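Please examine the sequence and the structure shown below before reading on. The paragraphs that follow lead through the chains one after another and then turn to the contact between them.

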Amino acid sequence: MKCEYCGNNLGIEDEICPYCGRENTHAKEKRAVLKGYRARFEQTRAESKKRSKSAARIGRLVVIGLMLLLIGALRYSIRVNSDIDTRQRKIEDRIAKEVGQNSQQIADRVREMEKNREYMALSYYMLHYRLRGAEGYDEYFRVFTAAIHYRSICNAIWGILDGFDGYEEKTARDWCDEAAIYISDWNSYVDGTFWGDVPDSPMHVGEHGAFLADIKQETRDIVRVYFHLTQEQADSMWTMDRDALGAMLYEGLGKTEEGTDE
Amino acid sequence: MNRKEAKREKGKKDPVIRLLDGIIVVLIFVTLWQVPSALFYKNRADRNPFSQDAEIMSFEMQKGDYAGLIQGSYFNSFGGDPEPDGYRHLADYAEAAFLYRVYHTTGDSRRADLQKSVMEEARAGMGELTVFADKVDRMIPVTE
């Protein structure tokens with residue numbers, strides 16, 4: 001484009017000719033169009049910037065919302081799983097469901113353990129499935145109690161043998177006293193004198209009765225061997241006073257199998 | 001707007017976005033802090049309360065708690081949990097040795113032999129834990 005007055009070359013944006021100082025009339029219209037384009041460009045740019053800012057804010061808010069939901073879920077999970085009562089209830093529900101689904105299998109296994117005289121296994125199986133007091137196991141009540149007594153006496157003997165303090169600084173004397181509790185309680189709670197059991201009670205007849213006799217005999221043998229008792233002492237231990245029995249068991253620990261003091 | 005201004009404009013971040021970015025960073029840290037706890041409690045809640053893993057059984061052995069070992073082994077077998085095989089054999093060995101002494105002393109040779117075979121089988125499967133089986137032998141001496 002040339003200046004209509006001096007003929008020099010001009011740019012489209014030159015409003016005044018830099019050579020003669022007159023107005024560049026040719027470019028007026030074009031400049032107006034350009035201005036319009038610029039204005040539209042700036043407007044579009046501003047709108048786009050505004051939209052992009054909003055999108056960025058919304059995006060971040062969505063991320064924050066999702067993270068808060070995730071943290072909430074984690075907090076809920078921690079609360080539910082760490083709460084002792086809730087956890088216990090969940091465990092009990094799970095076990096009850098398992099017992100309900102496999103009731104026949106569990107009943108068969110209990111019968112098998114009773115028949116095979118698996119005393120220790122039965123005591124833990126019954127505890128694992130909460131069978132003591134469970135529906136359908138009323139007749140097993142004394143059998144289960146016997147298994148618990150048997151296990152507790154064996155565990156007390158283990159405490160003496162391995163020197164484990166039971167996390168309570170238990171001494172050999174304490175373990176003897178603990179064994180004495182379960183032995184002296186046998187007649188009351190396993191034989192059922194405390195509850196006034198009659199001999200033909202369903203808890204004492206048939207396989208249950210045979211089991212109860214055998215487990216008592218084995219418990220007697222275990223106590224006799226590990227506490228070096230004489231036959232007479234072993235026979236009389238069931239009716240002895242707890243304290244006297246505890247003292248006798250402790251005294252027996254110091255003896256050899258031949259009955260002499262070590 | 002020249003390039004310099006555009007660059008300056010670009011570098012100037014919306015303060016609200018900055019604040020939201022800060023919140024996101026904080027939330028990431030909170031999440032990372034919460035995840036291990038959630039996994040720990042979930043894992044614990046799903047486990048059989050009586051079951052024991054090798055670490056607990058090893059701890060019991062350090063404390064010398066053989067009754068606890070036997071108990072753990074039974075609960076593991078009932079709960080269907082994958083149990084540490086060596087410790088199960090050690091538990092079997094300890095229980096059999098305990099009963100072997102009784103049957104042997106009372107002259108019940110049939111049952112004593114049965115326990116002896118359990119002990120032999122268990123000893124063969126316990127690997128490096130035989131050191132604890134030797135300890136059991138010292139704890140429960142049997143006069144042949």
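Chain B contains seven helices and zero strands, where helices (H or I, at least four residues) and strands (E, at least two) are DSSP runs, numbered from the N terminus. Its pattern, read along the sequence, is α-α-α-α-α-α-α. The model is a predicted one, in which local features need pLDDT of at least 70, side-chain atom pairs count only at pLDDT 80 or more, and totals for chains, interfaces and linings use all residues. Residues are numbered from 1 along each chain as its sequence is written, while chains are lettered from A and ligands numbered from 1 in the order in which they are written.

How confident is the predictor in chain B, as judged by its mean pLDDT? The mean pLDDT of chain B is 85, and 84% of its residues reach 70 or more; pLDDT is the predictor's confidence in each residue, from 0 to 100. Among the elements of chain B, the lowest mean pLDDT, 64, belongs to helix H1 (residues 3–11) of chain B, and the highest, 95, to helix H6 (residues 109–125) of chain B. For the model, the scores are ipTM 0.73 and pTM 0.72.

Chain B is divided into domain 1 (3–46) and domain 2 (54–139), with bounds that come from an automatic or database domain assignment. The C-alpha centres of domain 1 of chain B and domain 2 of chain B are 53 Å apart. Of the 144 residues of chain B, 30% count as buried. A residue is buried if 20 or more other C-beta atoms lie within 10 Å of its own, exposed if 12 or fewer, and partly exposed in between, with C-beta atoms placed from the backbone. Among contacts in chain B between residues at least 6 apart in sequence, 60% join residues at least 24 apart.

We now turn to chain A. The secondary structure of chain A comprises 10 helices and zero strands, and along the sequence the pattern is α-α-α-α-α-α-α-α-α-α. The radius of gyration of chain A is 46 Å, well over the 18 Å that the globule rule gives for 262 residues, so chain A is more spread out than a compact globule. This radius is taken over C-alpha atoms, and the globule rule is 2.2 Å times the number of residues to the power 0.38. The C-alpha trace of chain A spans about 145 × 45 × 25 Å along its principal axes.

Chain A, too, is divided into domains, namely domain 1 (1–82) and domain 2 (89–253). Taken over C-alpha atoms, the centres of domain 1 of chain A and domain 2 of chain A are separated by 86 Å. Of the 262 residues of chain A, 26% count as buried. Among contacts in chain A between residues at least 6 apart in sequence, 53% join residues at least 24 apart.

At 1.5 Å a residue, the 18 residues of H2(A) should span 26 Å, and its end C-alpha atoms are 25 Å apart, which agrees; the expected span is 1.5 Å times one less than the number of residues in the helix. Of the 18 residues of H2(A), the number buried is zero, so H2(A) lies largely in the open.

Some individual residues of chain A also deserve attention. Arg130(A) lies in the loop between H4 and H5 of chain A, and its phi is near 50°, a positive value in a residue other than glycine. Is Arg130(A) buried or partly exposed? With 14 C-beta neighbours inside 10 Å, Arg130(A) counts as partly exposed. His228(A) lies in the loop between H8 and helix H9 (231–236) of chain A, and phi of His228(A) is likewise near 50°, a positive value in a residue other than glycine. His228(A) is buried, with 22 other C-beta atoms within 10 Å.

Arg220(A) lies in helix H8 of chain A and is partly exposed, with 19 other C-beta atoms within 10 Å. The C-alpha atoms of Arg220(A) and Ile183(A) are separated by 8.9 Å, although these residues are 37 residues apart along the chain.

Finally, the two chains meet. The contact takes 37 residues from chain A and 39 residues from chain B. On the side of chain A that touches chain B, the elements that give two or more residues are helix H1 (28–82), helix H2 (84–101), helix H4 (119–128), helix H5 (141–162) and helix H8 (206–226) of chain A. H1(A) gives the most to this side, with 17 residues.

Definitions and conventions:
Two residues are in contact if their C-beta atoms, placed from the backbone, lie within 7 Å.
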